[in-house]
Amino acid sequence: MGEKGLVIVYTGGGKGKTSAALGLVLRAVGYNHKVCMIQFVKGSWHYGELDSAKRLEPEFELVTAGKGFVGIIDDKSPREDHVKAANDALTISKEKILSGKYDVVILDEINYAIQLELVSLNDVLEIIKSKPDELDLVLTGNLCPLGKGDVQSTAAEKIIEVADLVTEMKEVKHPFKSGIKAKKGIDF
Ligand code: ATP
Ligand code: MG
């Protein structure tokens with residue numbers, strides 16, 4: 001305790017960003033550290049962690065705030081619903097971060113919410129800046145710069161700039177590419 005908290009970013013086009021964050025939960029709870037994960041963008045699917053989270057209570061708290069996939073797969077929600085859900089998630093995140101109750105707060109898939117401009121980059125940077133010194137803050141989701149100077153590149157640069165640790169998951173092979181569908185317990 002008393003150590004400086006880190007800003008940790010799991011990004012990249014390969015699989016493993018949310019899984020890495022959940023691995024960190026398992027480790028932190030082992031020391032009875034208090035962890036809160038807020039899931040952005042996700043929301044309409046069932047994920048295994050929704051149930052395993054209950055087994056890690058009360059140290060681990062999982063909040064689903066997103067409205068499911070944005071613009072793909074089963075998305076029927078209008079954009080303003082996603083904007084509202086993402087901003088609600090951001091408000092909850094801010095409360096959790098500032099509450100001083102947690103050792104670790106994970107903003108799962110928030111990078112997608114930034115990239116899709118569902119939430120403002122400046123609001124996120126402001127929250128990162130105002131976090132308690134000792135809190136470890138984790139951001140997941142692929143920061144995918146599309147071209148120099150565009151909104152996505154600026155967001156990627158700024159987030160990486162304020163982070164202490166950035167890991168990029170790189171896709172070497174993914175079973176989706178050979179037609180193998182998302183697997184229970186592995187992908188969700
Ligand atoms: P995971 O939750 O499995 O750790 P992730 O957080 O890195 O994955 P997301 O960008 O959140 O990946 O994507 C969510 C879903 O997309 C997951 O079901 C994941 O398995 C799948 N996925 C991740 N990377 C790839 C990829 N390169 N190609 C196809 N599907 C992917
Ligand atoms: Mg993820």
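Start with the ligand. By class, the shell around ligand 1 holds 2 nonpolar, 6 polar and 5 charged residues; here Ala, Val, Leu, Ile, Met, Phe, Trp, Tyr, Cys and Pro count as nonpolar, Asp, Glu, Lys and Arg as charged, and the others, Gly among them, as polar. Before you click further: this is a predicted model, where local features need pLDDT of at least 70, side-chain atom pairs count only at pLDDT 80 or more, and totals for chains, interfaces and linings use all residues. Residues are numbered from 1 along each chain as its sequence is written, chains are lettered from A and ligands numbered from 1 in the order in which they are written, and side-chain values use heavy atoms, with hydrogens and water left out.

**Stop 1: around the ligand**

Select everything with a heavy atom within 4 Å of ligand 1, which is what counts as near. Of the 13 residues you get, Lys15, Lys17, Ser19, Tyr112 and Asp187 come nearest. Helix α1 (residues 17–29) gives the largest share of this shell, 3 residues; helices (H or I, at least four residues) and strands (E, at least two) are DSSP runs, numbered from the N terminus.

Now look at ligand oxygen atoms. One is 2.8 Å from a polar backbone atom of glycine 16. A backbone N or O atom of threonine 18 also lies 2.8 Å from a ligand oxygen, and so does an N or O atom in the side chain of glutamate 109. The protein buries 84% of the 580 Å² that ligand 1 exposes when taken alone (areas by the Shrake-Rupley method with a 1.4 Å probe; for residues, only the protein chains shown count as cover).

**Stop 2**

Keep glutamate 109 selected: it sits in the loop between β4 and α4, and its phi is positive, near 70°, though it isn't a glycine. Is it buried or exposed? At 10% relative accessibility, it counts as buried (under 20% relative accessible area; exposed is over 50%, partly exposed in between, with a 1.4 Å probe and protein chains only).

Next, pick glutamate 117 in the loop between α4 and α5. Its phi is positive too, about 60°, but at 45% relative accessibility this residue is partly exposed. Then try proline 58, in the loop between α2 (48–55) and β3 (60–64): the peptide bond from glutamate 57 to proline 58 is cis, with omega near 0°. Most residues other than glycine have a negative phi, and most peptide bonds are trans.

**Stop 3: inside**

Which residues touch the most other members of the largest nonpolar core? Among its 33 residues, they are Ile38, Phe40, Val124, Leu139 and Ile159. (Such a core is a set of buried Ala, Val, Leu, Ile, Met, Phe, Trp, Tyr and Cys residues joined through side-chain atoms within 4.5 Å.) Helix α5 gives the most to this core, with 5 residues. A second, separate core of 15 residues includes Ile8, Val35, Phe60 and Leu62.

**Stop 4**

Select asparagine 111 in helix α4. Its relative accessible area is 0%, so it is buried. Beyond its neighbours within four places in sequence, asparagine 111 contacts (heavy atoms within 4.5 Å) residues including Val9, Tyr10, Leu139 and Asn142.

Finish at leucine 137 in strand β5, buried at 0% as well.

Methods
A polar contact is a pair of N or O atoms within 3.5 Å; within protein, one must be able to donate a hydrogen and the other to accept it, and residues adjacent in sequence count only if both atoms are side-chain atoms.
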